[in-house]
Amino acid sequence: GADYIYCAYFWQCYYKWIRMANDIISLVDPQTATDEAVQLLGQAYAYRAMFYLDLARLYEPKANGYTDISSIQGLTVPIVTEATTEHQAKNNPRATREVLYDFILSDLAMAQAYLSPSANTYTLPTVAAVYGLFARAYLEIGYWGYADSADAFAEAARYARMAVTASGKTPLTQQQWEDPVNGFNNGAASNSWIWGLTTSSENTINIITYTAHISSEGTWGYAPLSQICASRRFYEAIPDSDFRKHSWLDPVYMDDPSAGVPYSYKFSGSDQDKTNFLSGTDANPPAVPYQNIKFRPYQGECTDYAVGNCADHPLMRVEEMLFIEMEALAHSDLSAAKALLEGFMDQRITDGSYVCDAADAESFMEEMLFQKRVEFWGEGVLYFDYKRLGRGITRGYPGTNESAIFALNSEGRSPQWNIVVTNAEFQYNSAIITSTNNPDPSGLLTLWSGD
């Protein structure tokens, strides 16, 4: 609900980042600026577009079986630009999705115009990353159900392919995926990342990083304590021939590391680090079945947070563009979409046995989304997909490994995915009140009883 800090995180962080982009946009005159300054201007437009696109997808209310959104259908967030005055910001209503997406597409067009097409670093937005943002935006627009939805899906597929081509990136290999030194922590160690966030020892501390919360092998953080796992049912649906399954600890392996699992895990650090992780120490409990080892501490360093915390984080991998292309294409040419998925999975299933046998678009979406879930687990991509496609949460089921206090199930979209505007904005912006906020989702999902 609006009174809780969890909702405030989104609002406060994104609008601070938008303010930074606005400051750069207000300072740089492209007619008189140096080439370097023009590149900064293009980057600022790309960042601002990304921030607003995330906000649009977070806050636009989608229909669900738990809350009534009829009076706020199609509303997103207030638009604050470099020209917005303090007086205007105090009475700034939620923009409609049409207005905000037009604004996002305009920012992306500006970014494309100012960014050098020859720049090809993953550490900053490039033209390829801009194409990727276009693809994300048009994919969302396609589901609005307008007469020109087919055109939006076509644009999503086109821009996704342009992002692939312009970036020159290729999907991660098995060796790169399982790399205990560079796995999902170093954008320079593979040819997959279109865009990523870099960190250094100067801007990290022991627990205030994503790595500290997700990298199970980093002994200094919360991850060894919280033991973030894959859902048992999800894990069991992944075939053993899919090397991505190695991102989580198999229960057979945990019972007896010398037998049963048809693959060998690669662990970060030394043999002693491996023993400490699997068997536990005075500070950390033993690892558990299904616990993730996808995100490695930087340089495979398990004990020194000043090194291990300095990991890159992927914002856009080329694999996402391939999934956007196949999802968009499925609305006009299912056989072509299936062929794209099969071609992609041939790079993930080591025995070449994958076949997409979906008979219609709906069954294809289910299969495509499952494979995307395996691909992007923990990267912050799947939330938008589940909200867009109206899928639900299933954490409570016989044999679940979910903690009892989080074993929630939903029929279709969860009401919590329509993020609520924080109460702090009400105190500043008179145009947002309870009646124009998203409904409070608190208590609407019940815990699974075990029946």
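Helix α1 (5–27) supplies eight residues to the lining of the second largest pocket, the largest share from any element. The model is a predicted one, in which local features need pLDDT of at least 70 and side-chain atom pairs count only at pLDDT 80 or more, while totals for chains, interfaces and linings use all residues. Residues are numbered from 1 along each chain as its sequence is written, and side-chain values use heavy atoms, leaving out hydrogens and water.

Helices (H or I, at least four residues) and strands (E, at least two) are DSSP runs, numbered from the N terminus. Besides α1, the elements that give two or more residues to this pocket's lining are α3 (86–89) and α18 (423–428). The second largest pocket holds about 570 Å³ of space, and among its 22 lining residues Y15, R19, V80, A89 and Y428 lie nearest the centre. By class, the lining has eight nonpolar, eight polar and six charged residues. Here Ala, Val, Leu, Ile, Met, Phe, Trp, Tyr, Cys and Pro count as nonpolar, Asp, Glu, Lys and Arg as charged, and the others, Gly among them, as polar.

On a 1 Å grid over the protein atoms alone, a pocket is an open set of points with protein on both sides within 12 Å along at least five of seven lines, whereas a cavity is a set where a 1.4 Å probe fits but cannot get out; lining residues have an atom within 4 Å of a point. Grid points are joined across faces, edges and corners, and a volume is the space filled by probe spheres set on the points.

Turning to the cavities, the structure holds five of 30 Å³ or more. The largest has a volume of about 110 Å³, and S216, P224, N276, F277 and N284 are the closest to its centre of the 16 residues that line it. Helix α12 (residues 271–279) gives the most to this lining, with three residues. The lining of the largest cavity divides into six nonpolar, eight polar and two charged residues. The second largest cavity, at about 80 Å³, is lined by residues including W177, E178, H246 and R296.

Two packed helices are described by the angle between their axes and the distance between the axes. Axes are lines fitted to C-alpha atoms, for helices over the stretch in contact, and angles run from 0 to 180 degrees between N-to-C directions. Helix α5 (residues 127–142) and helix α6 (residues 149–167) pack at about 160°, with axes 7 Å apart. This makes α5 roughly antiparallel to α6, a term for angles over 145 degrees. Their contact (heavy atoms within 4.5 Å) involves residues including Y131, F134 and Y138 of α5 and F153, Y159 and M162 of α6. The contact residues of this pair divide into 15 nonpolar, four polar and one charged.

Helix α16 (residues 361–376) takes part in two further pairs. Its axis and that of helix α14 (residues 318–329) come within 11 Å and cross at roughly 175°, which makes α14 roughly antiparallel to α16. This contact has six nonpolar, one polar and five charged residues. The axes of α16 and helix α17 (residues 382–389) come within 10 Å and cross at roughly 160°; α16 and α17 are therefore also roughly antiparallel to each other. Among the residues that make their contact are M368 and F376 of α16 and L382 and Y386 of α17.

Conventions. Parallel < 35°, antiparallel > 145°, perpendicular 65-115°, else oblique.
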